[in-house]
Amino acid sequence: MRRAVPVTSMTEQETIHVADVSEGIGGDATADPGSPVELPVVDVLTGRSFITGKSGSGKSNTASVVIENLLDNGFPVMIVDTDGEYYGLKEEYEILHAGADDECDIVVSPEHAEKIANLALEQNVPIILDVSGYLEESVADELILEVVKQLFAKEKRLKKPFLLVIEECHEYIPEGGGMNETGKMLIKVGKRGRKHGLGIVGISQRPADVKKDFITQCDWLCWHRLTWDNDTKVVGRILGSKYASAVEDLGDGEAFLMTDWDESIRRIQFHRKQTFDAGATPGLDDFERPELKSVSSDLVGELQSISDEKERRESEIADLRQELDTKDQRIADLERELEEAHDLSNMADQFAQALLGKAEAPYRGGGGRTPPGSDGDDGDQSVLKSYDEAVAATEAGSEDAARGSEDTATKAGASADGGDEQSGDASDDDARRDDDQSDVAAADNPPVDDVDPVTRADVAESALRFDDAVELGTREAVIEELRTRIEKLPELSQGMLRHYRREGVSDPVAAHIDAGGDGDSGHAYSRHRPIRRAGLIRHAGRGHYAYAVPDLIREAYADRLDEESVREIVRAVETAFVPPAERSYPPDADPEAVTASDDESGSAAGSTATEVDADSILDGLVETPKQTDSAAGEEGDSDTEADATPEGDRTESRLSAAARRLADRGSLRDE
């Protein structure tokens with residue numbers, strides 16, 4: 001076995017014998033047929049060459065003869081083999097066969113590019129880069145591109161004569177159409193590689209399809225037999241018309257050789273290659289593949305370490321992808337659980353709204369509660385029916401939640417007074433009210449990161465507790481219930497509620513900071529959760545929430561209260577958490593217009609704000625109507641002062657209609 005040996009020295013006169021002079025048109029008149037044709041090694045290694053001819057004319061044999069002569073003299077080459085026909089060189093030479101097939105010495109990828117260039121230039125290892133086995137052309141293109149880049153970059157430093165052979169070069173540097181990055185890099189080598197010592201040989205069976213910028217820059221060209229008109233026209237433009245017709249009659253292995261170093265055109269016959277012809281057309285004879293030699297295991301081991309590292313990375317990536325898929329599935333499960341919790345929370349809100357509607361139905365009907373056994377029992381029975389209908393509406397959620405709804409409704413119904421069914425008009429009115437409240441509750445969607453699971457037991461317990469709280473069925477019951485919710489809030493949560501009252505719409509972190517907390521979102525949402533659960537604020541979209549106390553009151557009375565009555569009840573509720581100086585002006589008022597302080601509110605002469613005493617509101621829901629002749633002499637028992645009149649007189653406080661109804665019912669109960 002012959003192997004390439006390191007280059008020790010090379011003179012300008014050193015040559016290789018590759019062919020002999022041939023007879024016929026274009027022959028060398030100064031040399032006899034059979035005279036040797038030798039090529040200068042320096043020009044072959046560092047120059048630019050083009051070998052062309054139709055299939056079977058001998059162009060691949062010519063390239064193999066040149067390569068065998070270079071390897072015999074220890075000069076390194078790299079062959080980009082697109083058809084897998086150069087591995088026969090391994091019959092005689094220790095040459096690295098790298099590619100994508102198992103028959104190669106090593107399977108390589110673009111990650112091996114730098115190591116391949118190092119072996120070729122620094123360790124003088126001949127290499128066959130076999131790209132015929134890659135199923136995807138993009139991978140083969142990238143491998144060639146990266147290897148040629150590395151060769152070009154290293155040759156700028158090493159300045160070592162080296163030959164790059166490119167089979168089927170028309171695929172990379174076509175005459176028509178655009179070139180990819182690989183083709184541009186090969187053109188760059190053709191134009192600038194010579195000064196760095198990097199030569200290139202392009203081989204193609206269709207010269208008309210090869211970019212003319214490459215052909216016209218070549219130092220030596222071999223024209224084997226061509227028959228297509230487009231191809232012979234190229235010969236005529238470069239060599240002359242007589243050669244265009246003569247090139248059609250050339251024999252196998254015969255060619256016109258055009259060289260720049262002696263400015264000659266010769267008709268020559270190339271030698272036959274000495275190694276196994278893997279590219280020969282199969283015949284009828286038995287095909288016997290010779291024993292091929294392999295390079296040392298040390299060289300393969302250096303490349304194998306890169307392959308092992310690539311496989312390790314790919315394995316890690318596969319594991320990470322599997323782990324990511326598992327986490328994605330877990331996220332999907334959690335999102336589904338959150339959605340179920342969201343649905344349960346909405347059902348709980350519907351229960352609360354239904355119970356509140358049950359407590360206030362007598363007010364909307366105008367009759368109020370009456371003792372058991374009296375004619376007024378029909379109203380409560382109608383309310384119970386509306387409440388049961390609202391409970392039944394939640395069955396559109398989950399089946400388990402529906403069972404919990406029926407148990408809660410049974411307990412709540414047991415505490416209501418019996419009686420005949422109310423008229424159809426009242427029932428229809430209450431049903432429409434319940435539907436409206438359900439729509440409002442469904443629209444109040446809290447953010448995903450601020451929802452805790454709600455169980456059926458929580459729903460039942462909350463429903464019964466609220467049912468007991470509003471048993472009186474009057475305005476003071478609603479006020480008392482909302483005040484109780486607020487008073488149970490932590491101090492910072494009450495401060496956040498004041499922030500929402502002032503701002504109208506805001507976000508939890510801003511409310512937390514305004515209330516005296518820090519900017520930590522975890523702390524903010526933890527203290528924000530109680531006021532959201534109490535229904536005192538509602539989700540307004542994009543992580544913002546809105547003050548909801550007025551809306552709760554409007555919905556409790558099915559929007560039948562006028563705005564003055566709503567504001568009266570809101571002021572009574574807000575005494576639980578709003579400082580006195582802020583109670584006398586609405587949330588959207590200009591703070592500069594507030595003239596009262598904690599000690600001065602409602603007592604300064606000429607003040608434009610009216611301070612309503614909280615205890616008086618809760619005891620009797622006082623109101624200050626305009627002074628009339630029939631009420632001018634009556635005195636109320638409220639401690640609240642009315643607004644000052646121009647003459648300085650003050651009207652006396654009067655009991656509200658709701659307070660008088662409460663007093664009447666108290667008398668009935670005492671009797």
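**View 1. His 271 in the loop between strand E12 and helix H9.** His 271 lies in the loop that connects strand E12 (264-270) with H9, where helices (H or I, at least four residues) and strands (E, at least two) are DSSP runs, numbered from the N terminus. The model shown here is a predicted one, in which local features need pLDDT of at least 70 and side-chain atom pairs count only at pLDDT 80 or more, whereas totals for chains, interfaces and linings use all residues. Residues are numbered from 1 along each chain as its sequence is written, and side-chain values use heavy atoms, with hydrogens and water left out. His 271 counts as partly exposed because its relative accessibility is 25%; buried means under 20% relative accessible area, exposed means over 50%, and partly exposed is in between (1.4 Å probe, protein chains only). Although 253 residues separate His 271 from Val 18 in sequence, the two are 6.0 Å apart in space, C-alpha to C-alpha.

**View 2. Strand E4, covered on both faces.** Of the 5 residues in strand E4 (residues 77-81), 5 are buried. Val 77, Ile 79 and Asp 81 lie on one side, with Met 78 and Val 80 on the other, and all are buried. E4 pairs in the parallel sense with strand E8 (residues 162-166) over 4 bridges, and two strands are said to pair if DSSP finds at least two bridges between them. Within this pairing, Met 78 has Leu 164 of E8 as its bridge partner. E4 also runs parallel to strand E7 (residues 127-130), to which 4 bridges join it, and here Asp 81 stands opposite Asp 130.

View 3. Patches are made of residues with over 30% relative accessible area and no salt bridge, like charges being joined within 9 Å and nonpolar side chains (Val, Leu, Ile, Met, Phe, Trp, Tyr) within 5 Å. A salt bridge is a side-chain nitrogen of Lys or Arg within 4 Å of a carboxyl oxygen of Asp or Glu. Helix H4 (137-158) and helix H5 (181-192) each supply at least two residues of the patch. Lys 156, found in helix H4, counts as partly exposed because its relative accessibility is 46%.

**View 4. A negative patch on the surface.** Glu 337, Glu 339, Glu 340 and Asp 343 gather in this patch. Asp 343 has its place in helix H9 (residues 297-365), and Asp 343 counts as partly exposed because its relative accessibility is 37%.

Notes:
Accessible areas come from the Shrake-Rupley method with a 1.4 Å probe; for residues, only the protein chains shown count as cover. Lys and Arg count as positive and Asp and Glu as negative; His and the chain ends are not counted. The place of a charge is taken as NZ of Lys, CZ of Arg, CG of Asp or CD of Glu.
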